[in-house]
Every structure is written in structure tokens, then in C-alpha cells.
Amino acid sequence: MRATAEPTTAIPKQDRCADLPHRPRVLLGKMGLDGHDRGVKLIARVMRDAGIHVVYSGLWQTPRSLAIGARDEDVDCVAASMMSNSHLVLVPRLLAELKAVGRPDIAVNVGGIIPQADVQTLLDSGVARVYHTGTGMDEIVDSVRACVKPYAPLATGTTAADLARRISMAHAGTLPAGTPMRRPARVVGITGSPGAGKSTLVAAMANEAVRRGDRVAVVAFDPMSPITGGALLGDRLRVDFNAVDDKVFYRSLAIVGEDYRSLPDVIGLIGAAGFDKLIIETVGAGQNDVAIRSHVDRTAVVVVPGMGDSVQMDKAGILEIADVFIANKADHAGEAKLVRELLDISSGRRIIETIATEGKGVVDALDALLG
Ligand code: B12
């Protein structure tokens, strides 16, 4: 029997950015009441598999929340994917907000359902380029590549913008010697296996800190492909920036494995920018995600019911490094068993039960770690 060729939707994986001055960073944004998330996910994968670091901020963003994201993530461009027919209202507002947060230089590319008659209006308002439903994969990648300029200190006078650029330079290994550093009063690490709810917990803690009148910084690490150099940085979408505005400085960084080599500088820069509370979320690779311990004052290990039998608990590794255990998803079956097993190995270390999605136990977690 003759084999028939299978149609393929696979995106070719190739580092198409190794020649650029730095790894490109793009913020994928969907503003307004637009629920078409299929296209934006495709764009995210195309970009990631070409070696781009893609920050995805989720649906229903406002121009302000996107501008804050673009500034704090120090992206080379914003890719605004618009399907709700609100581009003529929201895109000029996004450009105005980028100016207001001190980054009018960040390029804005717009795509999606844009009638031809509106293209010139968008370009006249300051949009870099407008794309359409026929845009091919190479063009999507090139739309980001074209925006990459070598990093130089910003000195905009806007603390967050300058901090964000210094972090980029530290992570790229090009931070000028003698840049001021100061360690924040409290630096905590949140680790645990993927799916344990670390990002949701961090978002809930940051939200609670803001409710108390604090400002807090978050650094969230995500995995970077060792093959293409690309990464999908999706943790910030758990934070509702429409609510916390810029009282949370949130920065996503991609690393291969546990390569935290830039972290001491990143911590020092965040402290020097005036933040006293810093939460660091690890990649969360599993049993061996332990390197974070040497960088932070306290480590919380997030565990969930059903993570394995009690033998897992006795293994050396991640559970050993916990100063505090957070038993998240406390509404799931097996919670009582999990807490019992944690008690067996805790040696007096605190166990906090949380349901991060509902904010339950988050006050306790915040008090124990940052209070
Ligand atoms: C699939 C679809 C849906 C699905 C969405 C599934 C999902 N989870 O995404 C469902 C059925 C749920 C849906 C619902 C609706 N839809 Co609809 N939908 C579509 C449809 C058929 C395809 C969209 C799609 O996924 N395309 C494939 C992706 C890959 O393409 P893309 O996102 O356009 O991205 C490409 C390019 O545009 C470009 N690109 C996009 N952004 C950017 C950004 C940059 C920087 C770059 C470089 C490139 C780029 O790159 C991609 C590759 O080429 C379109 C019609 C069409 N043919 O476009 C209508 C369409 C978008 N929908 C429409 C409407 C009106 C709706 C509803 C309001 C219908 C209703 N009355 O309920 C709802 C709203 C839902 C909501 N919550 O917002 C209208 C929008 C009209 C407008 N804006 O003028 C369209 C155009 C249909 C039409 N002709 O009327 N929809």
C-alpha cells in the first residue's frame, strides 16, 4: 500500500535571531473585548520557534496595561492583534500610553482584521507597520527582527523604564560596570513543579501586597529553548494589571536550565530602583530546581495534592530547600494526605494551605514570606 503524505501544520524550529544584537523581545497584546485567541497563539508559536522571546499578556488588555507591560518587559516591539474593530480607538491610545510611561520609542505593529481604508490612519498615528490576514510566517518573524536595536542605557528619568533596560543589559551580560546596586530588604523564591500554581500564587501575593499599599517587584523565569533560543513568557498574564497598574514591577526572563547567572545583578538593580520586596518565581523544572536557594532569603516550595507517594517526599532535592511549604490547590482531593506527608518531613518548617485561584491562604503566605 502506498503511504499518503500527511498534511503538516508543524512550524519549522530554527534560531533566526542569532545574528541580532540581542535576543528579540516582543509583547503580544490583545486589547479590548476581543476573544479571538487562536490567531495570537499561532503567532506566539511562530515567533518562539524562530528564536524570539514572546511575552504574552492575555486577552482583554487595556492600552495602559499593555504599555506598562511593554515598558517593564523592555520589549523591542508590541504586536497588537486586533479583531474587534476597535483598532482606530485603542491603538492611538496605546501609543499615547507608551509615551506616558516613558517609552514612545517602542514600535507598535498591528495585525488582524484591519480594513484597507484604516491602514493609513493607523500609520499616520504612529504605528510602525500594519499586517493583515494573509501575513506569512516569515513576515511575522521579520516584523520583530526589524525592531531590534542594540541595548544602551535609557536614562528616561522614569525609574521603571530605566530599571527594565538595566535588567535587559544585565541578562545580556552588557551592564556597564559600576551600575548602582542594592539588595532589597526581602527577597523570596517561589519554586515547585510546573502546574503547581506558582504564577497564580505569585500574582495573588502581589495583588494582596498592593491592596496593603505596598509596591512589589516580581521576576519570573521561564524556560528558553536550547535549540532555537526562543521562549514563551506567559506568567504575567496571571496578574491583573488593569487592577494593580504599575504598583507591581513584573519582569519575565528566559533561561536554559537553572542558569541564574544574571540574577545577582537583577536583584541588585531592583533594590537600587527602590523596591524592598522582591518575589522570584523559578522555572520550576522539578526535583532539582534548587539553585534559587543561594540567591534568596527565603524559599517557598509549592506542592499540590497527587504529586506522588511518600517516597517522593523523602528524596533529596526541592523539598529539602524549603523554608516554607505551600500546599496549593487545597480544595483538590488528597490535600489532607499531602499535608500529613509534609508534616512528616517538615521538621518544624511551616506548611501553609492555599487555593491561589480564590485568594485563600494568600494573606498567610504573604505574611510568612514578605511580612
Ligand atoms: C475562528 C473565528 C472565530 C472563533 C474564534 C476562535 C478563537 N478561539 O480564536 C469564534 C467562532 C469563537 C469566533 C467568534 C466571534 N467572531 Co470570529 N472569526 C473567526 C475567523 C473565521 C478566523 C479567525 C482566525 O482564527 N484566523 C486564523 C488566525 C491564524 O489568523 P489571524 O488571527 O488573523 O492572524 C493572522 C494575521 O492576521 C496576522 N496577524 C494578526 N495579528 C498580527 C499582529 C502582528 C504584529 C503581525 C505581524 C501579524 C498579525 O498573522 C496571522 C497569520 O497570517 C474570522 C474570519 C477570518 N477569516 O479572519 C472571524 C472574525 C474575526 N470574527 C468576527 C466576529 C464578528 C466574531 C464574533 C463577534 C461573532 C459574534 N457575533 O458572536 C465573535 C466574537 C468572539 C469574541 N469573544 O471576541 C469577525 C470580525 C469582524 C471585524 N473585526 O470587522 C470576523 C472577521 C468574521 C467576519 N468576517 O465577520 N470567531
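Student: Which protein residue is the donor to the cobalt atom of the ligand?
Tutor: His36, through NE2, 2.2 Å away. It is the single donor from the protein. Donors here are N, O and S atoms within 2.8 Å of the metal (3.2 Å for Na, K and Ca); water is not among the atoms, so sites may look incomplete. This is a predicted model: local features need pLDDT of at least 70, side-chain atom pairs count only at pLDDT 80 or more, and totals for chains, interfaces and linings use all residues. Residues are numbered from 1 along each chain as its sequence is written, and side-chain values use heavy atoms, without hydrogens or water.

Student: Where is His36 found?
Tutor: In the loop between β1 (25-29) and α1 (38-48). Helices (H or I, at least four residues) and strands (E, at least two) are DSSP runs, numbered from the N terminus.

Student: New topic. Which residues of α3 are buried?
Tutor: His87, Leu90, Val91, Leu94, Leu95 and Leu98. Buried means under 20% relative accessible area, exposed over 50%, partly exposed in between (1.4 Å probe, protein chains only).

Student: What comes just after α3?
Tutor: Gly102, with a positive phi of about 90 degrees.
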